[in-house]
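Subject: Structure for your review

Dear colleague,

My notes on the findings follow directly after it.

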Amino acid sequence: MIVKNLYDDVIGTDADVDTPQWNSRRLLLAKDGMGFSLHDTLIKAGEDLHLWYKHHLEAVYCIEGEGEIVEKKDGSVHPIREGTVYALNEHDQHILRANKGVAMRMVCVFNPPVTGREVHDKDGAYALPE
Ligand code: 9YT
């Protein structure tokens, strides 16, 4: 069994990836052998994230804050608040915004799992491992 605590075991370690737009605290990674990764991620207020997980499926569950997600294929906008989940089941190109003056705290699951300190490439994707 694996037991970890965000505050004791993740924040401030290699599994804590901070960028100007988001801070991803990676609770479970590929090396944990679960077949998915699990992240507790803060989307910083005021940022527009252009994302396209070409190689991954991602489910995202908002547990704090407010914002919105825009589907690039047709421009549809979905509000996000505590309790909202979205699943990028079609590798959907999207824009994620914490545009209500507060950060959004999101629980994210990636399949296949993120392996470590991935950040987005120019298309907003994470690379697959070699
Ligand atoms: C929700 C989302 O895709 N945020 C960007 C960061 C990423 N999810 C991560 O690695 O935690």
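A residue is called buried when its relative accessible area is under 20%, exposed when that value is over 50%, and partly exposed in between. Please bear in mind that this is a predicted model.

By that cut-off, Asp-40 is buried, because its relative accessibility is 6%. Asp-40 belongs to strand 3, and its side chain forms a polar contact of 2.5 Å with the side chain of Arg-105.

Turning to the ligand, I found that it sits in the largest cavity. Its shell consists of 16 residues, with Ser-24, Arg-26, Thr-41, Tyr-53 and Tyr-126 as the closest. By class, ten residues of this shell are nonpolar, four are polar and two are charged. Four strands each contribute at least two residues to the shell: strand 2 (22-28), strand 3 (37-43), strand 5 (57-64) and strand 10 (104-111).

- His-39: a polar side-chain atom lies 2.9 Å from an oxygen atom of the ligand.
- Thr-41: an N or O atom of the side chain is 2.6 Å from an oxygen atom of the ligand.
- Tyr-126: the distance between a side-chain N or O atom and an oxygen atom of the ligand is 2.6 Å.

The ligand taken alone exposes 310 Å², of which the protein buries 100%.

With kind regards

Conventions: Residues numbered from 1 in each chain as written. Predicted model: local features only at pLDDT ≥ 70, side-chain atom pairs only at ≥ 80, totals over all residues. Heavy atoms only, no water. Near = heavy atom within 4 Å. Polar contact = N/O pair within 3.5 Å; in protein donor to acceptor, adjacent residues only side chain to side chain. Areas by Shrake-Rupley, 256 points an atom, 1.4 Å probe, with all protein chains shown as cover. 1 Å grid on protein atoms, 1.4 Å probe; cavity = no way out; pocket = protein on both sides within 12 Å on 5 of 7 lines; lining within 4 Å. Sits in = over half its atoms within 2 Å of the grid points. Nonpolar A, V, L, I, M, F, W, Y, C, P; charged D, E, K, R; others polar. Buried < 20%, exposed > 50% of the residue type's maximum accessible area, 1.4 Å probe, protein only.
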